[in-house]
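Here is a short briefing on charged side chains that pair up. Look at the structure first, then read on.

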Amino acid sequence: MIYQPSRRSVLLGLAAASSSFGRDVAPPAPYGVLPSHRQLRWSELGFYNFLHFTVNTFTDKEWGEGDEDPAIFHPTAFDANLICAVLKEAGSKGVILTCKHHDGFCLWPTKTTEHSIRYSPYKNGKGDIVRELSEAAAQTGLQFGVYLSPWDRNNAAYGTTSYIDIYRRQLRELLTGYGPIFEVWHDGANGGSGYYGGARETRTIDKVHYYDWQTTWSLVRELQPDAVIFSDVGPDIRWVGNEKGIAGETCWATYSPVATDGGTAVPGDVREKESTVGTRSGKYWLPAECDVSIRPGWFWHPAENGKVKSPQELFDLYCVSTGRGASFLLNVPPDRRGLIYEADAESLRGFGRIMNATFARNLAAGARVKASNVRGGRTEYEPGHLLDENRLTYWATDDNVREAEVVFDLPHAIDVNLVRVREAIALGQRIGGFSVEYWKDGAWASFGTGTSIGSCRILRSPQTVNSNRVRLKITESEACPALSEFGLFAVAS
């Protein structure tokens, strides 16, 4: 379910509804910096895909030099509908296409360069991979995003101010010609050796000032106001600091990015270890995105056909990315046919089956729920909201209560090895410590503990436990806790 109300309605709606019960009880005051409406919508996605596809697919390289003949790009059976169908089976919510990688080859018939699909044999120069994929995504129910590399090893103007104008013209084409865009993706590639129109030299740029990112991001806001923007430092979502798909065991959605020298952080210059964890009560709401490839490389290579991550490996990555309050961006590179290779497709389908079987039903549903404190004693803040499958409702405590617990008495004993908790993040990230326990032999036993929660926190137990009583304890919070979901699950084998 995607957030539809405005942030103001989320914060005030329950207070307005409470008037029918008598004395109003104000919602909890927001704590710290808050997510924007676009960030709230993005936080609902959890899992989506990257497609790395360009001339590199045909040259067997990871980074092209920019001197490739466009004629080499000739997928013989590209089918965007088949690609999107496989992603949908895996449970994906969106797809981001490498519309232009560092080699500068554009997968749409841009007016800015001849290093593009327009000069390739694909559909006799009449093809447009960006259009085909964006339309297939829309038909399949996937959101569509674009990656546009700021570094261009083909363009003769790279390193000069005129290239920035070219880059923004390319961005404008993508953001005005292909429907709604949910994410615009930039990385920190900041120059180096390249073809550069035949110069074949190394070009360095001032990474702090050259790209003038603020102006470029303003263009995105103008053309696609609902799109989140990704880079090392936001402005909407941040890089997690590695390409392993793993967020920190503690991973704050708030972040105060700093450059490696302690100065102003920019794309391509940030302390990566701090990106993995974020900053408790940081200056900006900048949740992490965890990017990783289903293969060792980012582009399809025939030598890697036997090195595809298994469905269980993908599920494990989901639990340490989305399950730590970040998102899971899984790259699935099309092969030279323009299709998802069979081994990759089968792994994705297997991952989808595990996800569906695991999360199809909250095993805590039907439990009697009792909290140690309920805000104002009001029904609109009662702990039953943790089980109503509505992220806009939540359990909250009185302002002076920072430690609290909720007990779930189940109709019968169940097997559990995974717990999922969600904060009501429209009110900010408040909780810094929690534990989950289960009733065993007349006493409480530990299932697991955690620190940050945010939009989603998953705890897993190496052993399956069987119990008819579970307790959630909030052990540390900067403001009164506000939680929207508690779930018990058994991972499908």
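E485 forms a salt bridge with R420, and their closest N and O atoms are 2.7 Å apart. A salt bridge here means a side-chain nitrogen of Lys or Arg within 4 Å of a carboxyl oxygen of Asp or Glu. This is a predicted model: local features need pLDDT of at least 70, side-chain atom pairs count only at pLDDT 80 or more, and totals for chains, interfaces and linings use all residues. Residues are numbered from 1 along each chain as its sequence is written, and side-chain values use heavy atoms, leaving out hydrogens and water.

**The E485–R420 pair**
- E485 lies in strand β19 (residues 482–489) and R420 in strand β15 (residues 404–423), so the pair ties together parts that are 65 residues apart in sequence.
- Helices (H or I, at least four residues) and strands (E, at least two) are DSSP runs, numbered from the N terminus.
- Both E485 and R420 are buried.
- Buried means under 20% relative accessible area, exposed means over 50%, and partly exposed is in between (1.4 Å probe, protein chains only).

**The D316–R460 pair**
- D316 forms a salt bridge with R460, with the closest N and O atoms 2.9 Å apart.
- D316 lies in helix α9 (residues 311–319) and R460 in strand β18 (residues 457–477), so this pair ties together parts that are 144 residues apart in sequence.
- D316 counts as partly exposed at 32% relative accessibility.
- R460 counts as partly exposed at 36%.

**The wider picture**
- The structure holds 29 salt bridges.
- R38, R221 and D236 are linked in a salt-bridge network.
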